[in-house]
Amino acid sequence: MSETVQAVQPSTETKPPELRRITTIGANPTLREWALHATLFFLTIVSTTIAGIFTAAPELDVTGPALSSPIDYVLYLPLYYAKLVGSLLHYAFLNPQIISDGLVFSASLLAILTAHEMGHYVACRRHGVHATLPFFIPAPPLFLAGTFGAFIKIKSPIPSRRSLIDIGLAGPLAGFVVAVPIAVIGILGLQPANYIPENAIIFNDPLLFRLIAKIAGVPLTADALPNPYYLAAWIGLLVTSLNLMPVGQLDGGHGTFAVFGARAHHVIGRIAFVLAAVMSILGYVLHGSPSGFLFTVLLGVMLRVRHPKPEIMEPLGKARILVAVMTLIVFVLSFWPFPLTIT
């Protein structure tokens with residue numbers, strides 16, 4: 001997801017950017033840091049695999065614990081949750097194909113997220129900006145994606161306008177490149193279910209999915225059964241579109257600041273927030289999904305995070321303007337105003 005930039009006051013030194021790049025490179029990660037990042041990554045592999053198993057498994061008939069005392073009412077939800085997770089894992093071990101589907105989902109989703117964060121990290125290293133390795137955040141079992149995403153933390157000032165746009169946009173572009181072939185595999189493997197159960201969650205297809213399906217001649221219907229590749233690409237594109245919102249220190253916010261400057265960044269971010277709030281209401285009314293409210297709250301929080309100004313505001317050049325236009329196209333292909341419909 002988006003990288004966090006420290007709000008460091010611009011330096012008054014007059015060193016040329018090439019020299020400043022050399023002096024701002026941070027130390028390589030320590031063994032302790034490697035251990036922390038590796039542990040979080042392993043836990044995220046486990047949590048995303050369980051999430052993939054959950055989406056691939058049929059609905060299990062799990063009864064809640066008996067209610068015979070006041071303490072039973074207090075412990076009902078955690079005990080039922082633990083029983084549901086245990087039943088799911090037991091079913092998976094009896095049906096190895098379910099475990100295989102979970103691993104495919106985990107590998108596909110983490111490939112997209114890893115490419116995204118490494119895009120940021122490599123761009124930071126290239127520009128001599130000190131940044132941490134990616135922090136992967138595992139989610140509790142049964143959470144749809146199995147992860148709350150990933151991020152890197154930038155620990156030194158952004159030296160220039162060009163480095164800001166490179167660092168900000170490298171992540172979503174790299175993640176999108178990995179997501180495209182996964183999306184192709186997922187769409188080609190869709191199977192119709194021929195019915196839509198009550199209280200079902202329907203994944204509405206972003207524009208990229210619709211273009212792939214049209215080129216491949218695959219019908220995209222609401223009753224199609226999403227496979228692990230499809231779900232991983234769908235979530236990956238949702239994360240990409242959210243990160244490319246032109247707000248705060250999200251990736252799109254970095255790009256907006258670099259291309260248009262501080263004042264336009266301030267105005268465009270607030271317009272995006274208002275539009276997101278309107279779409280969240282429409283999404284709930286028309287599609288029965290409250291997910292838009294969560295995105296709106298996130299954007300509201302990001303609006304309150306001040307975006308630091310790069311030390312050197314030099315012209316971007318035609319090549320980086322072209323990259324910005326390409327990133328806007330990626331946003332359009334990844335974004336859908338109402339990603340979920342709940343029947």
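**Before selecting**

This is a predicted model, in which local features need pLDDT of at least 70 and side-chain atom pairs count only at pLDDT 80 or more, while totals for chains, interfaces and linings use all residues. Residues are numbered from 1 along each chain as its sequence is written, and side-chain values use heavy atoms, with hydrogens and water left out.

**Whole protein**

Show the cartoon: the protein has 11 helices and eight strands. These are DSSP runs numbered from the N terminus, with helices (H or I) of at least four residues and strands (E) of at least two. Of the 343 residues, 44% count as buried; buried means under 20% relative accessible area, exposed over 50%, and partly exposed in between, with a 1.4 Å probe and protein chains only.

Switch to a surface. The protein exposes about 17,600 Å², of which carbon and sulfur atoms supply 71%; the areas come from the Shrake-Rupley method with a 1.4 Å probe, and for residues only the protein chains shown count as cover. Among contacts (heavy atoms within 4.5 Å) between residues at least 6 apart in sequence, 80% join residues at least 24 apart.

**Cavities**

There are three cavities of 30 Å³ or more. A cavity is a set of points, on a 1 Å grid over the protein atoms alone, where a 1.4 Å probe fits but cannot get out; lining residues have an atom within 4 Å of a point. Points are joined across faces, edges and corners, and a volume is the space filled by probe spheres set on them.

For the second largest cavity, of about 70 Å³, select Asn-204, Pro-206, Trp-234, Leu-237, Leu-238, Ser-334, Trp-336 and Pro-339. H7 gives the largest share of this lining, three residues. By class, the lining holds six nonpolar, two polar and no charged residues.

**Helix H8**

Select residues 251–260. Eight of the 10 residues of H8 are buried, so this helix is largely enclosed by the rest of the structure. The buried ones are Asp-251, Gly-252, Gly-253, His-254, Gly-255, Thr-256, Phe-257 and Ala-258. Just after H8, Gly-261 has a positive phi of about 100°.

**Two pairs**

Six aromatic pairs are counted: rings of Phe, Tyr and Trp (its six-membered ring) with centres within 6.5 Å, called stacked for planes under 30 degrees apart, edge-to-face over 60 and tilted for the rest. Select one of them, Phe-41 and Phe-136, which is edge-to-face at 4.9 Å centre to centre, with 65° between the planes. Phe-41 lies in H2 (31–56) and Phe-136 in strand S2 (135–138), so the pair ties together parts 95 residues apart in sequence. Phe-41 is partly exposed at 29% relative accessible area, whereas Phe-136 is buried at 5%.

Finish at Leu-211, in helix H6 (207–216). Leu-211 is partly exposed, with a relative accessible area of 39%. Its C-alpha atom is 8.9 Å from that of Leu-333, 122 residues apart along the chain.

Terms used
On a 1 Å grid over the protein atoms alone, a cavity is a set of points where a 1.4 Å probe fits but cannot get out, and a pocket is an open set with protein on both sides within 12 Å along at least five of seven lines; lining residues have an atom within 4 Å of a point. Ala, Val, Leu, Ile, Met, Phe, Trp, Tyr, Cys and Pro count as nonpolar, Asp, Glu, Lys and Arg as charged, and the others, Gly among them, as polar.
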